[in-house]
Structure formats: C-alpha cells, structure tokens
Amino acid sequence: MREPAGPPPVIVCRDLQKSFRLGGGVVHALKGVSLEIAAGDFVAVMGPSGSGKSTLMNLLGCLDSPSAGSILVDGQDVSRLSTSQLAAIRSRRIGFVFQQFNLLRRTIALDNVAMPLLYADGGGGGRTARRAKAAACLELVGLGDRMDHQPSQLSGGQQQRVAIARALVNDPAILLADEPTGALDTRTGMEILDLFQRLNRRGITVIVVTHDAEVAAAAKRVLTFRDGLIVSDRRNERPRDLAAELAALATATTPREAVA
Ligand SMILES: Nc1ncnc2c1ncn2[C@@H]1O[C@H](COP(=O)(O)OP(=O)(O)OP(=O)(O)O)[C@@H](O)[C@H]1O
Ligand SMILES: [Mg+2]
C-alpha cells in the first residue's frame, strides 16, 4: 500500500548546480542538490561559511538562476526564466528577509513595507490601498505604533520586524530568511524566531539560514551543507517553542501577541 500523501512540496530541487566565473577560474557553489520542501514546513539551513547556503537561498528566492538542474516553486519550473519572469514569481510567492534588514534609510516603516506592492500586479491598487496593506502587516509583526518611524529611529529587532512585514506584504507562500537573527542580541533574536513560528503556524513555509544551533533548534527540519552539497537532513522531534520560552522569561514588554 502507498503511504498517505503528505502536504504537497512547495519547493522541488533536482540536481541543482550553481557555478560562478571568477577571474580565470570557476567556483562551484552548489554541486548537485536535490531537495523537496513540504508546504507548511519550517526548515533551517546550516553549514560552514562558503558551503552554498546563500547561493541556494538566492535560487529558491528567484533572485538568480541555476547553472544546471531544476527548481520548481509551487509546481512551476523557475530554472530557465528571464529576470522579469523571476521578479514576477518572486513578488507573488516569496518573501525575503536579510541579515542586515536592507531597509530604505530615509523612508518611514509604512512606506518601506508598502514598497514591494509598487512592483506587484496593478501597482497594489493605489497608494491608499498599499498603505492599508502595509499597516496591516506592521500590526501583524507588533509594530502598529511605529509605522511613521524611519529605520534609524527603530531598534535592530524592530528594523528586522519591518523587514519581515515587508516580506509579508505580498502574502507569500514561502518566507526565506538568510541569517535573520545574525545582527541581533539573543533576546531580540528569540522574538524574531517566535514571529517566524507564529507565521509558520499560519501556514507559511519558512526557510532560515543560520550558523546558530539554537536557532536551528526552533525549526522542524535541519539541512546541513558542506562544499556545495547537503550532508545531513534531519527532523527535529521537539522544536523549541519560542512563545513558551518568552512567556517564561515574562518581562511583558513586546507586543508579540499581535500575531495570533
Ligand atoms: N557572485 C559570486 N561570484 C563568485 N563566487 C561566488 C559568488 N557568490 C558566491 N560565491 C562563492 O560560492 C561559494 C558559496 O557561497 P555562499 O555565499 O553560498 O556561502 P554561504 O554558505 O552562504 O556562506 P556564509 O555562511 O559565509 O554566508 C563560496 O565559495 C563563495 O565564495
Ligand atoms: Mg551566506
């Protein structure tokens, strides 16, 4: 008898390879990665510096195309698309969060978050509609009271929340985060992880690159890369529960209840 089907994969990679020309030589960043990620999973990607983690994320995030092999995102083959076709998929299906937040410096949180909607189909329905959507996402990440602050007027954790709200504004199926807690202190990193777990419980597939085993311990599945290949793929039987850990710390200053 066949196994009952699990959730359908949102990402399927087959023998994925990526090489870069550098000077006279070639760097083989990914050397044949095959991988399926189920809808609703929470995956941590670990491995030493230079092992290919960011290269994989850029391919999954439709920021770049593979040298060989294929990637299906939500059933669609994105391996051989043009830059503008990739941008269209990215804006409909994928949210991206970076270590350094990548916010526009002299732009208030609300407009930073609304920015991707400008590039969405139909310009996101006009400025008022864009700002309303952005405001809802800022509420979701607990920053309803900081919408008119510029990044320099926000803490690191708040800036990363703005970046997460921006990643959510197009209602993505997949949230990709490359070292999202790398620039944050432990407690603030916990709050960001808590937010990812809450979003994951709402059905968003989350993929997080991290060097930190404590961060990976919050994921349901942990992939480890070495030299452009996956060398380990395991399930976490008992992922950390950040909501419970933060409740236990109980200083009650963050509005993390905003994401139910
Ligand atoms: N644009 C590029 N041109 C040339 N080589 C590149 C390029 N991007 C990445 N590489 C090389 O590909 C390999 C994998 O890089 P990648 O950025 O994926 O590593 P990583 O696992 O994310 O490392 P880190 O943990 O330091 O962020 C490295 O050897 C890197 O030098
Ligand atoms: Mg990297």
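For the ligand shell described below, Ala, Val, Leu, Ile, Met, Phe, Trp, Tyr, Cys and Pro count as nonpolar, Asp, Glu, Lys and Arg as charged, and the others, Gly among them, as polar. This is a predicted model, in which local features need pLDDT of at least 70 and side-chain atom pairs count only at pLDDT 80 or more, while totals for chains, interfaces and linings use all residues. Residues are numbered from 1 along each chain as its sequence is written, and chains are lettered from A and ligands numbered from 1 in the order in which they are written. The chain holds 8 helices and 10 strands, where helices (H or I, at least four residues) and strands (E, at least two) are DSSP runs numbered from the N terminus.

**Overall build**

- With a radius of gyration of 18 Å, close to the 18 Å that the globule rule gives for 260 residues, the chain is as compact as a globular protein of that length; the radius is taken over C-alpha atoms, and the rule is 2.2 Å times the number of residues to the power 0.38.
- Along the principal axes, the C-alpha atoms of the chain fill a box of roughly 50 × 45 × 45 Å.
- Of the 260 residues, 42% count as buried, a term that requires 20 or more other C-beta atoms within 10 Å of the residue's own, with C-beta atoms placed from the backbone.
- Among contacts between residues at least 6 apart in sequence, 69% join residues at least 24 apart, a contact being two C-beta atoms, placed from the backbone, within 7 Å.

**Surroundings of ligand 1**

- The residues around ligand 1 are F20, L22, V27, A29, G47, S49, G50, S51, G52, K53, S54 and T55, each having its C-beta atom, placed from the backbone, within 6 Å of the molecule.
- This shell divides into 4 nonpolar, 7 polar and 1 charged residues.
- At least two residues of the shell come from each of β1 (9-22), β2 and α1 (53-60), and α1 gives the most, with 3 residues.

**The open sheet**

- Four strands form an open sheet in the order β2-β1-β4-β5 with antiparallel pairing, where two strands pair if DSSP finds at least two bridges between them.
- Because β2 (25-38) and β5 (76-77) stand at the edges with a single partner strand each, one side of each is left without a neighbour in the sheet.
- Antiparallel strands β1 and β2 are joined by 11 bridges; Q17 has K31 in β2 as its bridge partner, and R21 stands opposite V26 in β2.
- The hairpin formed by β1 and β2 has 2 residues between the strands, and G23 in the turn has a positive phi of about 60 degrees.
- Strands β1 and β4 pair in the antiparallel sense over 5 bridges, and V12 has L72 in β4 as its bridge partner.
- Strand β4 (residues 68-73) is joined to antiparallel β5 by 2 bridges, with V73 partnered by Q76 in β5.

- Leaving aside neighbours within four places in sequence, A165 is in contact with V113, C137, L138, L140, V141 and L143.
- Helix α3 (residues 109-118) has 7 of its 10 residues buried, so it is largely enclosed by the rest of the structure.
- The buried residues of α3 are A109, L110, N112, V113, A114, P116 and L117, and what covers them includes α2 (83-93), α4 (127-140) and α5 (156-168).

Technical notes
Buried ≥ 20, exposed ≤ 12 C-beta atoms within 10 Å, placed from the backbone.
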